[in-house]
Amino acid sequence: MLTHRVIPCLDVKEGRVVKGVNFVDIRDAGDPVEVAKAYDAQGADELVFLDINASHEGRGIMLDVVRQVAEQCFMPFTVGGGIRTIDDVTQLVQAGAEKVSINTAAVLDPGIVAQTAKRFGRCATVVNIDPKRVPVDEFVKRTGRQPGYVGSGVWGLGLGKTVSTDDTPHLDPGSDSEPRTPNPEPYCFEVHTHGGRKGTGLDPVAYARRVVELGAGEIVLTSMDADGTKDGYDLEITKLISDAVDVPVVASGGCGNPQHMIDVLQQTRADAVLAASIFHYGEYSIAQTKRAMAEAGLPVRMVGAV
Amino acid sequence: MIGIVDYGMGNLRSVQKALQHLGHDAEVVADAAGIAGSARLILPGVGNFADGVRQLEERGLTDTVKAFAASGKPMLGVCMGMQLLFDSSTEDAPPGGPTVPGLGLLPGRVVRFEEDQGPGRPRLKVPHMGWNMLDFDASSTVLFEGLEPGPSTQVYFVHGYYCVPDAPADIAATATYGRPFCAAVHRGNLWATQFHPEKSQRVGLRILDNFARCEA
C-alpha cells in the first residue's frame, strides 16, 4: 500500500539553509547536507529544497548544494525556486535533483512544462501552484474573466471549514488566534506569483488540468491564504485541485500541527503533505507526526524504533 | 568493479555514491570496454522508454549490454532500466499501434497504470509516486536478504508504467497500487527493481548491498 509522504521544505540561500533548523544533533544547522541527513535519520519521506537566491552566484552555489545532497543522502528530493528556462531544469537534473518544481515560469510559458516532461519524464516534472482568494467583483473587473468557482466560506483565513483543535488538545501547540468570522462577500481562487503578490488571472483548477495535460507529474499546491498562518492547510482549494487531476497533489501552506496533516489527507484527495517551521523548530518530530497519522488510520512509513 | 551504465538517461551519481558508501568499487561506464570489463552491471534510467532504447542504440551499447546479460555475470536494472529488459513497452505507442521494442532479455511487456480502476473503485493517481511496501517470498531471491516483507520494507517508487512478465516465476516482489504489480524481477543472473534502491534510504542500501555481494 502506498503511504502518505511527509515532506519538510528547506529554504536555501547562498548555499545555506535559512530560517535555521533547530533540533537535536545537528552540527551545522545551516548546512543543507547536514540538515538533509538529519531529516533522513528522522524518517522524512522526501525533501524539498527551495532556492531563494536572487543572484547569479547564488544559483551556481545551489547547483553545488544539489550535487552534494545527491551524493550523500540516499533519499528522494525535489528542487524548486527560480527556475526560468529548460537550461535551468537541465542543470538541476544533471546535478542530481530527481524532480524539479516549476512555478512562475510555467505561468509565463506553460511550454516549459512540456519541455521538461519530454526531456526528463513526467515523473521528474513538478508544477507549483500558488492560489489565493480574491473577491469575485475585483477579479472580474481586473481580468475581464468569469471565475471557474465561487466560494463563500470563511474569508481571509478561508479554510472552508471551522478550524477547531478541541478534539486534539495534545496536538495543539496553543493557538491564540481570533475566531474567524465568515465574510459574506463571494470569492474565487486565482493563481498568484511572487509569493501571492501578483495575480495572473488564471483559475487554479483549469490551470492545474492544463499543466497536467502538458506533462506535470505532480502538483505542489501552496495556498497563499493559509501559508504562514499555522492554522491548517486550505482544505477548500486542496479539495478542488486534488479532485480535478489524476496526478499526486502535495498540500502545502498553513501546517501548524500533525492534526492539520490528518485533516487534509482525510478530507481531500491530497497524497502528501509539506511543512516547514513545525519541523525546523523542533515543535514536532517526523516520527511524532507519523505516529499521530498512523493513529488516525492513515498509511505512513515508520522508520526504525519509534 | 560494479559498472553503472551511462547512456544519458538520468543521474548515475546517486547509485555510484550509494555503492561507494557501502564500501563497494563502483564506476560509471559509458562504452563497450567499460561494460565488458565490469564484474557486475547496473542499468539505471529515468525518463522515456523509447529515448532509453534509442540512446543505448546510438551509443552502440545495446549489443554490449545484451552480451553482458548472456555472460552470466550479475546485472541489475533499476526503474526504466528494469523496463528496458523486457520485450516491449506501450509508452508513446499509438493506441492499437505497434509497441516500442526493448532489449528482450526477459519475456513480457511494459504497460501504463490505468487511472480508471472500474466501477466503485477510487481513481488512481498516475504516476505512482512515493513509498510503498514490498511483498516477496524471503527465500526466493538474495536481493531481499535481511528484509521482511510488509510495512518494514518500504521503497521509493516514481513511475507511470510497470512491467508485466510473461513468466510469473520471474516476479521477485510485488507492491500494490490499485492492484498488485511487479516491483522486482529475478531470473538467473538478472535482477531488476521498479523502485529506486538508491533513494530508498536504509532498505534501499541493503538491497544494493545484497546485489553487490550476490552470486549469480
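Which residue in strand 13 of chain B is the bridge partner of Arg187(B)? The partner is Leu190(B). This is a predicted model, in which local features need pLDDT of at least 70, side-chain atom pairs count only at pLDDT 80 or more, and totals for chains, interfaces and linings use all residues. Residues are numbered from 1 along each chain as its sequence is written, and chains are lettered from A and ligands numbered from 1 in the order in which they are written.

**The sheet**
- Chain B holds an open sheet of seven strands in the order 2-1-3-4-13-12-11, with mixed pairing.
- Strand 2 (26-29) and strand 11 (171-177) of chain B each have a single partner strand, so one side of each has no neighbour in the sheet.
- Strands here are DSSP runs of E with at least two residues, helices are runs of H or I with at least four, and both are numbered from the N terminus.
- Two strands pair if DSSP finds at least two bridges between them.

**Strand pairs**
- Strand 12 (residues 179-187) and strand 13 (residues 190-193) of chain B run antiparallel and are joined by four bridges.
- Strand 1 of chain B is parallel to strand 2 of chain B, with four bridges, and Val5(B) has Val29(B) as its bridge partner there.
- Three bridges link strand 1 of chain B to strand 3 of chain B, also in the parallel sense, and Ile4(B) is partnered with Ile42(B).

**Around strand 1**
- Ile2(B) and Ile4(B) on one side of strand 1 of chain B, and Gly3(B) and Val5(B) on the other, are all buried (20 or more other C-beta atoms within 10 Å of the residue's own, with C-beta atoms placed from the backbone).

Methods. Buried ≥ 20, exposed ≤ 12 C-beta atoms within 10 Å, placed from the backbone.
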